[in-house]
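Visitor: Before we look, could you take me through some of the labels given to this model, and set each value against its definition?

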Amino acid sequence: MYFDPTLQLRSARLVLSPIRAADGPALFAIQSDPEVMRYWNHPAWTDPQQAYAQILDDLAAMRDGTQLKLGIREHADAALLGICVVFAIDAGSGRAEIGYNLAPQAQGKGYMGEALQCFADHLFDQRGLRRLEAEIDPRNVPSARVLERIGFQREGLLRERWCVGGELSDSALYGLLARERTG
């Protein structure tokens, strides 16, 4: 799958565009925050170099067509507020997985629901996907609410799926079919 490095998706209040090298400090601030990373499948970052290494990996994956990570911003030149990512793309089956996070100062404003709706619409309407999946820690109630608000349905539970920092956690599996979406 080809991903245009100049892609810009627009919602009422946000612009989603590919992650860029200049996002390193903001991405590190987000992913080094223990509260933001509380329910992720890896611990919070501890070294700013982790952000730059991740961005290089993300850009290479975008060039390879295996992943697309979009930064969430209030306008095209604004600071990074969070990310939406699509990965594990199976074009033959028309399915992929998504992930996302948001800086603490941007939470509680409806940004993530708006960004995910815009992202999902693009993946269904422009990329021809039929199904999107998300895997979240079931204790992350705000994340579950965001997914459900845009039409995802909880489809299952993987018990003791992850061990991060010595803590076992389950994964709730969510799915959204193009034909069932809301909005």
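**Cysteines, salt bridges and strands**

Visitor: What makes the sulfur of Cys 84 too far from the closest cysteine sulfur for a bond?
Guide: The closest cysteine sulfur, in Cys 118, lies 8.4 Å from that of Cys 84, whereas a disulfide is defined as a pair of cysteine sulfur atoms within 2.5 Å, and by this rule the count comes to 0 disulfides. Please bear in mind that this is a predicted model, in which local features need pLDDT of at least 70 and side-chain atom pairs count only at pLDDT 80 or more, while totals for chains, interfaces and linings use all residues. Residues are numbered from 1 along each chain as its sequence is written, and side-chain values use heavy atoms, with hydrogens and water left out.

Visitor: Why does Cys 84 count as buried?
Guide: Buried means under 20% relative accessible area, exposed means over 50%, and partly exposed lies in between (1.4 Å probe, protein chains only). Cys 84 has 0% relative accessibility and therefore counts as buried, and Cys 118, with a relative accessible area of 13%, is buried too.

Visitor: How do you know that Arg 181 forms a salt bridge with Asp 121?
Guide: The term requires a side-chain nitrogen of Lys or Arg within 4 Å of a carboxyl oxygen of Asp or Glu, and the closest N and O atoms of Arg 181 and Asp 121 are 3.1 Å apart. Arg 181 lies in the segment after β8 (167-177) and Asp 121 in helix α3 (residues 111-125), so the pair ties together parts that are 60 residues apart in sequence; helices (H or I, at least four residues) and strands (E, at least two) are DSSP runs, numbered from the N terminus. Arg 181 counts as partly exposed at 27% relative accessibility. A search of the whole structure finds 14 salt bridges.

Visitor: Which residue forms a salt bridge with Arg 139, and how far apart are the closest N and O atoms?
Guide: The partner is Glu 167, with the closest N and O atoms 2.8 Å apart, and the pair therefore meets the definition. Arg 139 lies in the loop between β6 and α4 (141-149) and Glu 167 in strand β8, so parts that are 28 residues apart in sequence are tied together.

Visitor: What makes β1 and β7 edge strands?
Guide: Two strands pair if DSSP finds at least two bridges between them, and in the open sheet of 8 strands, ordered β1-β2-β3-β4-β5-β6-β8-β7 with mixed pairing, β1 (9-10) and β7 (153-164) each pair on one side only. Strand β5 (residues 95-102) and strand β6 (residues 131-136), by contrast, show 4 bridges in the parallel sense, and therefore meet the rule for pairing.
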